[in-house]
Amino acid sequence: MRQCLTSPNGGYYTTHREGRDQFGTKGDFVTSPEISQVFGELLGVWLVAEWMLQGRKKHGVEIIEVGPGRGTLMQDVLRTISNFKSLASSIENVYLVEASPSLRATQKELLCGDSALETVSAGYRSTSRYAGLPITWCEDIRFVPNEADKTPFIFAHEFFDALPIHAFQSVPPSPLPTQTLATPTSPISLNRTTSEAQKPQWRELLVTPAAESSTMISSTSSSNLKDPKAEFQLTLAKASNPSSLLLPTLSPRYKSLLATPGSTIEISPETHSYVAEFARRIGGSHPTSKTSSSSPTPPAPHKTEASGAALILDYGPATTIPNSTLRGIRAHQLVSPFSNPGEVDLSADVDFTGLVEAALNASERVEVHGPVEQGVFLEQLGIQDRMKMLFKGLEKEAGNTAQAVNTAEDGQTGQNVVTEDIEVRKKSIREGVERLTSRIPGRGMGTLYKALAIVPERSGKRPVGFGGGMSV
């Protein structure tokens, strides 16, 4: 997945193809910020609410987004918080974690316009159109400065579904082969069973070249895949390997599935590393956790006060372990993930319970709330009220325009055109909100997508959007 998506040579996200865009109706998929500006605005409101709840820090605030896409979400967030002057003045830096040079250029154009782009130690820096905030691009979150006195607000929207996974399948125990040792007196049988040989084992599902005569292990439960021709396939490893011996032992949730031969699970260690990093930046390191000398992530600085928050929005099951969810997406259709490498988007369901475990294991001074359905989250943030406000703005705009066209000879015709245009724009907003919140399968994202928050430990006081309220 990493090679196909982010390789500098032909990667899906890292290679610019003339006339082709991954995002939007003309691309391969549409994300929530592209559907409606209301989505990003409400995430900005969520940030404002958390900042208020944590005492309205006057300095040291940072905004971090991992996987910012075209920059649409960050644009809406920054435009929203620029209306809160005291918050905007407390923000010292905005960090965008982006591995793709072409997407970085798109983000810079949208967020900073003609402002100069300079090279800095962490990556690249420019100045935002909104409140003149500095924006720094880093290729990895490890390059984002981690200082104990900072208050980071982190967004991860449809980021974790694109991180690499390992897939494992439980296989039944098999008897050890009979071995005989020849000695000068008589042969000695070396066949002896061990406790491990009598237990099911996890075996990794590996990507191998497809053979016409072979039986390919399906990577997705969907039977409606377009373009069934695949160059690769998943093949069950013949023996245990380091990944299958280690990764399924990291959570007790896998043990019950191991006992059922044929069970499959998907694990994303890179996802766990990112979430643990979020938690440490917010609450500091867990006193029992240790960073190995070979770890690429430097030890987290000692944080005297937990502060900041992380908001994660993605798709996947709320409580179960993902299995057989690896999929390819092209032109808004599901396709084989093993066809056309580098030209097809790849994704897999996010293990939200695994995110919770990773965050709580990384820092004892954080709480995790959710996951909750995206529809519920946005409704609690006031998406319907925001839609009504946009309608009022359009009606006011229509009134002003109608007043102007009434002075012309064809004033009535012009007024009709204005009214029709406003109704079209209202319909677009209404349909966007419906798509973001609807729980009807196949029509909306309200149930499939989930929201999860990591916040400082505060005796279970819920954030807004997760059952909590906001007081100004």
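Is the crossing of α3 and α4 left-handed or right-handed? The crossing is right-handed, meaning that the near helix is turned clockwise from the far one by less than a right angle.

This is a predicted model, where local features need pLDDT of at least 70, side-chain atom pairs count only at pLDDT 80 or more, and totals for chains, interfaces and linings use all residues. Residues are numbered from 1 along each chain as its sequence is written, and side-chain values use heavy atoms, without hydrogens and water.

Start with the whole chain. The protein chain holds 13 helices and 18 strands, which are DSSP runs numbered from the N terminus (helices H or I, at least four residues; strands E, at least two). Of its 472 residues, 49% are buried (under 20% relative accessible area, 1.4 Å probe, protein chains only).

Now return to the helix pair. Helix α3 (residues 37-53) and α4 pack at about 50 degrees, with axes 7 Å apart. Axes are lines fitted to C-alpha atoms over the stretch in contact, and angles run from 0 to 180 degrees between N-to-C directions. Contact means heavy atoms within 4.5 Å.

Next comes α6. Leu103, Arg104, Gln107, Lys108, Leu111 and Cys112 are buried there. Seen down the axis, the buried residues of α6 fall within an arc of 140 degrees, so they line one face; the arc uses directions from the helix axis to the C-beta atoms. They pack against α4 (72-81), β2 (91-97), β4 (123-127) and β5 (134-138). Gly113 follows α6, with a positive phi near 60 degrees.

Technical notes:
Buried means under 20% relative accessible area, exposed over 50%, partly exposed in between (1.4 Å probe, protein chains only).
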